[in-house]
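Q: Please take a close look at the packing in this model. I would like the contacts and the charge pairs set out with their cut-offs.

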Amino acid sequence: MTLTERLKDEQIAAMKARNKPRLGAIRLVLSAIKQREVDERITLSDEDVLAVLVKMVKQRRDSVAQYEAANRQDLADVELAEIAVLDEFMPQPLSDDEVIALLDEAVASTGAVSMQDMGKLMGVLKPLIQGRADMGKVSQLVKAKLG
């Protein structure tokens with residue numbers, strides 16, 4: 001079952017359960033997926049759907065920070081509830097040790113030795129880590145390893 005199919009099944013289940021907050025979050029994801037499919041005239045793979053989910057979670061985390069800074073906890077709570085729903089469809093997060101192990105493997109396989117090799121290294125790492133670890137942290141680890 002693809003991730004899109006799973007989202008559609010969960011949408012139906014949320015409708016039947018009359019769970020409006022969950023249904024709203026799932027509809028937002030399906031809408032973003034459909035928008036990207038129409039814009040690019042393609043059918044998104046699970047990796048592409050995962051990229052959409054990652055982007056949406058990141059946007060919501062940014063919104064939570066802004067709402068909390070403005071003392072609008074009511075709005076922050078709505079965003080946090082959406083993040084909780086979206087997290088259900090994300091793959092299991094990697095621990096720091098697992099990220100470092102994947103980084104070491106990628107360095108060995110690409111022969112990366114300097115910052116000039118960062119693009120090549122990130123190209124190998126991104127498909128393995130996408131949605132499972134914070135890419136900002138991974139980038140910092142790569143820079144520390146190559147720097």
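A: Two residues are in contact when heavy atoms of theirs lie within 4.5 Å. The model is predicted, so local features need pLDDT of at least 70 and side-chain atom pairs count only at pLDDT 80 or more, while totals for chains, interfaces and linings use all residues. Residues are numbered from 1 along each chain as its sequence is written, and side-chain values use heavy atoms, with hydrogens and water left out.

Helices here are DSSP runs of H or I with at least four residues, numbered from the N terminus. H3 covers residues 46-69, and its 24 residues reach 35 Å from the first C-alpha to the last. That is close to the 34 Å expected at 1.5 Å a residue, where the expected span is 1.5 Å times one less than the number of residues. Just after H3, Asn71 takes a positive phi of about 60°.

Burial is judged by relative accessible area: under 20% is buried, over 50% is exposed, and partly exposed lies in between (1.4 Å probe, protein chains only). The buried residues of H3 are Val49, Leu50, Val52, Leu53, Met56, Val57, Arg60, Ser63 and Val64. Their cover includes H1, helix H2 (20-40) and helix H4 (73-87).

A nonpolar core is a set of buried Ala, Val, Leu, Ile, Met, Phe, Trp, Tyr and Cys residues joined through side-chain atoms within 4.5 Å. The largest has 21 residues, of which Leu7, Val29, Ile33, Val49, Leu53 and Phe89 touch the most other members. H1, H2, H3 and H4 are the elements that give two or more residues to this core, and H3 gives the most, with seven. Ile33 is in contact with Leu7, Leu44, Val49 and Val52, leaving aside neighbours within four places in sequence. On the H1 side, Gln11 sits in the helix of residues 3-17 and is buried because its relative accessibility is 16%. Beyond four places in sequence, Gln11 touches Leu23, Ile26, Arg27 and Leu30.

A second, separate core has 15 residues, among them Met118, Met122, Leu125 and Ile129. Leu121 lies in helix H6 (residues 118-129) and is buried at 0% relative accessible area. The contacts of Leu121, again not counting residues up to four places away, are Leu103, Ala106, Val107, Thr110, Ala112, Val142 and Leu146. Leu121 and Val142 are 21 residues apart in sequence, with their C-alpha atoms 8.1 Å apart.

Charge pairs complete the account. A salt bridge is a side-chain nitrogen of Lys or Arg within 4 Å of a carboxyl oxygen of Asp or Glu; the whole structure has six. Arg22 and Glu10 form one at 2.6 Å, N to O. Arg22 is in H2 and Glu10 in H1, so this pair ties together parts twelve residues apart in sequence. Arg22 is buried at 14%, whereas Glu10 is partly exposed at 26%. Glu10, Arg22 and Glu88 are linked in a network of salt bridges.

Lys58 is exposed at 53%, and Asp62 is partly exposed at 39%. Arg72 also pairs with Asp74, at 3.0 Å between the closest N and O atoms; Arg72 is partly exposed at 38%, and Asp74 is partly exposed at 44%.
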